[in-house]
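Work through the exercises below with the sequence and the structure at hand. Try each task before reading its solution.

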Amino acid sequence: MLRLCFSLLLVIHGLIHIVGFTHEVSKPFGHLWLSVGLLLVVSGLLMYIKKETWWIAACLAIVASQLLIIDMWQEAEWGTAVNIILLLAIVAGWGSWQFQRTFLADTQTAMQRRHAHTPNVISEADLAHLPAPVQRYLRYVGVLNKPRVLSMRLTFEGKMREKGKKWFPLTSVQYNFFDSPERLFFMKGHMYGMDVPGYHRYAGGIARMDIKLFGLFPLVASRGNTMNQAETVTFFNDMCCLAPATLIDRRIQWIPIDEHNTKAVFTYAGNSISATLQFNEQDQLVKFFSNDRYDVADGQQHRFSTPLSDYRSIDGYRMATFAEATWHYPDGPFVYGEFNVKEVTYNVQ
């Protein structure tokens, strides 16, 4: 809603400038009013279609607008108030853009650290040490005779909520690197008519989570050992649910349970977490749960689970494309997130 309001304000402000073109001023000066008006209109349209760099055009337009207003102060002084309002929107747009550039820079650095090469193909021998349910799952997914998965790019849409609060929609993009575990996750939550960006970074076993209003004002800034452990669970959850070919990783210790359940312990950079994987009769992974994840909201350790469904073919694999994120509190389970996978690409370059 705020985006629409500011977009309309930019367009209306631009149209008023265009009217100034017909004002009794010199022809060259009139052309300046026309040019600035058109730039304001274009800025408003770029903002409306969510072009990330809309604020650059808007900033140029606002500066030029104010210079024209100063020159015709008596007739146009009211335009200064509009420009101040629009300047606040521009600062917010710049902040969000700058915050996202941190994620993009980290992604580029992570990609550059990994030299492109052709991964080895997964064979039956690579599956031999796995418990029977995991072997069947990987065959069902279709990992055999395909390259080992070293990295992944994922986009999804979904919604999240805190306990006692309403759902808010979100979109996200993330990159995972599995040779040396790294997870870079950038999301945009849509709350109260605004985009609230958040960035989770997990690298070298160290995790951080930042959520900032307009990319400028911190709302959440989580660090420390509990965050490191929580993100290790999340990273292993990604391996199981979104990149099953990585389950041949020797950093995973497997503890068989029965024909449809198995336990796994994943250790990396001093963080050791465990999880139980549950499979159905079709050899699909239908539930992942762990007791080693901390809830950032209350800092307590609760059982965490991700029920999975809606299997379909993505990038050559049969994958679950819908998941719920659930906390199992003492007073009962609470679903705090629902996620729909939109696109997955493996071994990104």
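**Exercise 1.** Sort the residues lining the second largest pocket by class, and state which element gives the largest share of the lining.

*Solution.* A pocket is found on a 1 Å grid over the protein atoms alone, as an open set of points where a 1.4 Å probe fits, with protein on both sides within 12 Å along at least five of seven lines; lining residues have an atom within 4 Å of a point. Ala, Val, Leu, Ile, Met, Phe, Trp, Tyr, Cys and Pro count as nonpolar, Asp, Glu, Lys and Arg as charged, and the others, Gly among them, as polar.

Step 1: sort. The lining has 15 nonpolar, seven polar and six charged residues.

Step 2: locate. Of the 28 lining residues, Arg-3, Trp-54, Ser-96, Met-194 and Asp-195 lie nearest the centre of the pocket. Two or more lining residues come from each of α1 (2-20), α5 (79-112), β2 (168-177), β3 (182-191) and β4 (194-203). The largest share, seven residues, is given by α5.

Step 3: give the volume, that is, the space filled by probe spheres set on the points, which are joined across faces, edges and corners. For this pocket the volume is about 660 Å³.

A note on the source: this is a predicted model, in which local features need pLDDT of at least 70 and side-chain atom pairs count only at pLDDT 80 or more, while totals for chains, interfaces and linings use all residues. Residues are numbered from 1 along each chain as its sequence is written, and side-chain values use heavy atoms, with hydrogens and water left out.

**Exercise 2.** Describe the largest nonpolar core and the surroundings of Phe-288.

*Solution.* Step 1: a nonpolar core is a set of buried Ala, Val, Leu, Ile, Met, Phe, Trp, Tyr and Cys residues joined through side-chain atoms within 4.5 Å.

Step 1: the largest core has 62 residues, and those with the most contacts inside it are Leu-138, Phe-236, Leu-247, Leu-285 and Phe-288. Helix α8 (residues 225-242) gives the largest share of this core, eight residues. Another core, of 19 residues, lies apart from it and includes Trp-33 and Trp-55.

Step 2: count as a contact any heavy atoms within 4.5 Å. Leaving out residues up to four places away in sequence, Phe-288 touches, among others, Val-233, Phe-236, Ala-275 and Phe-304.

**Exercise 3.** Which residues other than glycine have a positive phi near 65 degrees and near 70 degrees?

*Solution.* Step 1: recall that most residues other than glycine have a negative phi.

Step 1: Asn-145 has a phi near 65 degrees. Asn-145 sits in the loop between α7 and β1 (151-160) and is exposed, with a relative accessible area of 65%.

Step 2: Asp-283 has a phi near 70 degrees. Asp-283 belongs to the loop between β9 (271-279) and β10 (285-295) and is partly exposed, at 22%.

Terms used
Helices (H or I, at least four residues) and strands (E, at least two) are DSSP runs, numbered from the N terminus. Buried means under 20% relative accessible area, exposed over 50%, partly exposed in between (1.4 Å probe, protein chains only).
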